[in-house]
Amino acid sequence: MKKTFGFIIGSLRKKSFNRAVANYMASVVPADIDVKFIEIGDLPFYNEDLDAATPPAWQRLREEVKSVDALLFFTPEYNRTIPAALKNALDVGSRPYGQSAWGGKPGGIVSVSPGAIGGFGANHHLRQALTFLNVYTMQQPEAYIGNITASLDAEGKVVNEDTQNFLQSYIVAFVDWSKKF
Ligand code: FNR
C-alpha cells in the first residue's frame with residue numbers, strides 16, 4: 001500500500017532554501033511513497049481560548065498531520081533555535097490536551113542554512129520538542145545542510161552532486177526508518 005510522508009517546512013518565505021531542499025527530496029522519494037506538503041503559514045498563534053471555536057487552519061493542520069504515515073521536518077535556524085512559525089505549528093498540532101496529532105509517527109529532521117554549522121541549534125531544539133511529542137525521530141543519519149547557497153543554481157534548485165547524493169541517502173535511510181513503525 002502507498003504511504004504518505006508529510007513534509008513540514010519551517011520557513012514561510014517563497015524562495016526558502018529549506019523549501020528548495022524539501023522539493024529536491026520530494027523528487028527522489030521512491031515511487032510507492034506520496035509526499036504531502038503540510039503548510040504552516042496560515043495558522044493563528046496558538047491560544048487556548050480559541051480551542052472553544054477551532055480556527056479552520058488549526059483543524060486542517062491537525063487532520064493533515066494525522067493523515068500521514070511519517071513526518072519530515074525542514075527547519076531554518078533563527079537565533080540558534082527554530083522559527084516561531086514552526087514552534088506554533090507544533091503547539092497547534094499538540095492540542096486539545098490529550099488529542100495530539102503528532103504522537104506515534106516516525107519523523108526526521110533536516111536543518112538547512114547558508115551558514116557553516118547547518119542549523120545545528122535548530123535541529124536539536126526541534127528534536128527536543130519532538131521527543132516530548134512522541135514523534136519517533138530518526139537518530140542517524142543526521143542532516144545539517146550548511147553553506148546551502150553553494151549547492152543551488154540561480155533558480156534555487158539543488159544542483160550540487162555531493163548534496164544531492166547526501167539527500168538521496170538520507171531519504172533511503174528515512175524510508176527504512178519509517179517502515180519500522
Ligand atoms: C537567521 N539566520 C540564521 N542562520 C543561522 O545559521 N543561524 C541563526 O541563528 C540564524 N538566525 C537568524 C535569525 C533570523 C530572525 C533570520 C531571519 C535569519 C539566517 C537564515 O539561516 C537564513 O535567513 C535562511 O535563508 C533561512 O532559511 P530559508 O528561509 O531560506 O529556508
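Helices are taken here as DSSP runs of H or I that span at least four residues, numbered from the N terminus. In the predicted model, helix α2 comprises residues 56–67, and Ser67 belongs to this helix. With a relative accessible area of 48%, Ser67 is partly exposed, because this class covers values between 20% and 50%. A polar atom of the Ser67 side chain is placed 2.8 Å from the backbone oxygen of Glu64. Between the C-alpha atoms of Ser67 and Asn47, which are 20 residues apart along the chain, the separation is 24 Å.

Asn88 is found in helix α3, which covers residues 84–93. The relative accessible area of Asn88 is 7%, and Asn88 is therefore classed as buried, the limit being under 20%. When neighbours within four places in sequence are set aside, the contacts of Asn88 are with Leu43, Pro44, Phe45 and Tyr46.

The largest nonpolar core contains 27 residues, and Val21, Met25, Leu72, Phe74 and Val110 have the most contacts inside it. At least two residues of this core come from each of β1 (3–9), α1 (17–27), β3 (70–75), β4 (106–112), β6 (143–145) and α5 (161–178). The greatest contribution to this core is that of α5, which provides six residues. For Met25, contacts beyond the neighbours within four places in sequence are made with Phe7, Leu72, Phe74, Val110, Leu167, Tyr170 and Ile171.

The residues around the ligand are Ser11, Arg13, Ser16, Phe17, Asn18, Pro76, Glu77, Tyr78, Asn79, Arg80, Ser113 and Pro114. Sorted by class, this shell consists of four nonpolar, five polar and three charged residues. For Arg80, a backbone N or O atom is located 2.8 Å from a ligand oxygen atom. The ligand taken alone exposes 610 Å², of which 70% is buried by the protein.

Notes. Residues are numbered from 1 along each chain as its sequence is written. This is a predicted model: local features need pLDDT of at least 70, side-chain atom pairs count only at pLDDT 80 or more; totals for chains, interfaces and linings use all residues. Side-chain values use heavy atoms; hydrogens and water are left out. A residue is near a molecule or strand if one of its heavy atoms lies within 4 Å of it. A polar contact is a pair of N or O atoms within 3.5 Å; within protein, one must be able to donate a hydrogen and the other to accept it, and residues adjacent in sequence count only if both atoms are side-chain atoms. Accessible areas come from the Shrake-Rupley method with a 1.4 Å probe; for residues, only the protein chains shown count as cover. Ala, Val, Leu, Ile, Met, Phe, Trp, Tyr, Cys and Pro count as nonpolar, Asp, Glu, Lys and Arg as charged, and the others, Gly among them, as polar. A nonpolar core is a set of buried Ala, Val, Leu, Ile, Met, Phe, Trp, Tyr and Cys residues joined through side-chain atoms within 4.5 Å. Buried means under 20% relative accessible area, exposed over 50%, partly exposed in between (1.4 Å probe, protein chains only). Contact means heavy atoms within 4.5 Å.
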